[in-house]
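Please walk me through this structure, one part at a time.

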Amino acid sequence: MCAPHWLGVTASDELIRRIEQTWAHAEVEFISQLQTNDPTRQPVTVPLVNGYVVLCGPDLYVNRALAVGLGAEFTDADLDVLESACRRLAVPPQVEVSPASHRSVVIVCARRGYAEVQFMAVLGIVLGIGLPPSPASIPIDPSIGIDAVTRADLGDWQEATAEGWGHDTVERRRASDAFAQAAFACRGTTLFLARSHDDERPLGCAGLSMRSSLATLGAMSTLPAERRRGVQRALVAHRLRVAHNGGCDLAVTSVVPGGASERNLLGLGFVHLYTKSIWASPGRESQDVTCPPAAPVVDSRRGR
């Protein structure tokens with residue numbers, strides 16, 4: 001392991017491929033579990049140019065091509081495959097593009113009228129090499145307790161994430177609950193719930209996925225009434241310790257560039273690895289409406 005190589009402003013193509021392909025495989029497993037829990041759902045996964053088309057369906061996360069074109073050329077025929085699958089599920093076609101994507105991905109998408117509609121910053125922290133601040137050195141407020149979620153308190157996790165992310169409609173809450181149930185059953189994924197030591201009330205929640213020595217922090221949220229008391233810091237530090245003890249050498253997450261979560265994570269020792277974008281047809285914004293706990297999407301859009 002070469003820590004300075006990972007801590008530069010721009011990650012190597014090798015590292016980006018490792019992260020993006022790990023995330024894509026995790027999404028495939030995730031929506032498979034989603035369908036196992038509810039056979040009426042008909043998600044679609046299609047292998048495509050070293051990545052996958054991953055489609056959960058309308059008003060669900062995630063619906064786009066992930067990790068495609070990593071080390072291989074992307075063609076109009078490949079985009080046809082994506083668009084055909086999207087038509088079957090009635091979702092707009094979207095493609096994630098990272099700095100390691102073959103230049104043909106952008107060329108083909110642009111030629112077909114696609115444009116960038118969203119950006120995500122990928123942050124990382126090397127585990128176990130004593131860099132300041134190391135995971136073990138991040139202080140946790142002693143009034144905050146964090147435990148791995150069991151089947152008995154999965155309902156509390158669902159309540160916390162729904163309130164933290166603002167899932168205030170029947171449809172959004174139904175999707176949020178379904179994703180929590182699927183993530184809970186996924187291999188290598190652990191959900192965590194932060195509670196107050198004084199009365200055991202929930203403060204926030206988060207997820208951690210560990211695959212191939214890579215830890216992914218996702219779905220962090222803090223209840224609105226509990227923000228600005230260090231809940232995010234506690235959940236981040238706890239997950240880093242768990243990941244380190246679990247043999248992971250790198251922890252990663254994605255955030256909205258320039259947002260509060262990015263500033264908080266950088267302050268905890270994370271570094272910017274790269275920025276990726278989502279390409280979609282003109283006028284079509286990202287259709288993701290919820291954040292599955294195992295997913296490598298915005299970790300703590302609202303957390304503090």
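Which residues of strand E4 (residues 94-97) lie on one side, which lie on the other, and are they buried or exposed? This is a predicted model, and the answer is read from its atoms. Gln94 and Glu96 sit on one side of E4, while Val95 and Val97 sit on the other. All of these are buried, so both faces of the strand are covered. In a regular strand, side chains alternate between the two faces of the sheet.

E4 has a partner. It pairs with strand E11 (residues 271-280) in the antiparallel sense, over 4 bridges. Two of the partners can be named. Glu96 has Ile278 as its bridge partner in E11. Gln94 has Ala280 as its bridge partner in E11.

E11 also pairs with strand E5. That pairing is antiparallel too, and it runs over 9 bridges. Here Gln118 stands opposite Ile278 of E11. E11 itself is mostly covered, with 7 of its 10 residues buried.

Now turn to the core. In soluble globular proteins, nonpolar side chains tend to be buried together. The largest nonpolar core in this model has 42 residues. Ile19, Trp157, Phe179, Leu273 and Tyr274 touch the most other members. H2 gives the most, with 9 residues.

Take Tyr274 as a guide to the surroundings. Leaving out residues up to four places away in sequence, Tyr274 touches Ala11, Ile16, Ile19, Glu20 and Trp23, among others. Its contacts also include Ser98, Pro99, Met120, Ala121 and Val122.

Next comes helix H2 (residues 13-37), where Gln35 has its place. Beyond its neighbours within four places in sequence, Gln35 is in contact with Arg41, Gln42 and Pro43. A polar atom of the Gln35 side chain lies 3.1 Å from the backbone oxygen of Arg41. Gln35 and Ala182 are 147 residues apart in sequence, yet their C-alpha atoms are 8.5 Å apart in space.

Two loop residues come next. Ala90 lies in the loop between helix H3 (76-89) and E4. Its phi is near 60°, a positive value in a residue other than glycine. Ala90 counts as exposed because its relative accessibility is 60%. Arg228 lies in the loop between strand E9 (214-222) and helix H7 (231-245). The phi of Arg228 is near 70°, again positive in a residue other than glycine. With a relative accessible area of 69%, Arg228 is exposed.

Buried residues of H7 include Val231, Gln232, Ala234, Leu235 and Val236. Ala237, Arg239, Leu240 and Ala243 are buried in H7 as well. Just after the helix, Gly247 takes a positive phi of about 90°.

Last, the cysteines. How many disulfides does a search of the whole structure find? The count is 0. A disulfide is a covalent bond between the sulfur atoms of two cysteines. Cys205 is buried, with a relative accessible area of 0%. Cys248 is buried too, at 6%. Cys186 is found in the loop between H6 and E7. Its relative accessibility is 7%, so Cys186 also counts as buried. Setting aside neighbours within four places in sequence, Cys186 is in contact with Glu29, Phe30 and Gln33. Cys186 and Glu29 are 157 residues apart in sequence, but 7.3 Å apart in space, C-alpha to C-alpha.

How values were computed:
Residues are numbered from 1 along each chain as its sequence is written. This is a predicted model: local features need pLDDT of at least 70, side-chain atom pairs count only at pLDDT 80 or more; totals for chains, interfaces and linings use all residues. Side-chain values use heavy atoms; hydrogens and water are left out. A disulfide is a pair of cysteine sulfur atoms within 2.5 Å. Buried means under 20% relative accessible area, exposed over 50%, partly exposed in between (1.4 Å probe, protein chains only). Two strands pair if DSSP finds at least two bridges between them. Contact means heavy atoms within 4.5 Å. A polar contact is a pair of N or O atoms within 3.5 Å; within protein, one must be able to donate a hydrogen and the other to accept it, and residues adjacent in sequence count only if both atoms are side-chain atoms. A nonpolar core is a set of buried Ala, Val, Leu, Ile, Met, Phe, Trp, Tyr and Cys residues joined through side-chain atoms within 4.5 Å.
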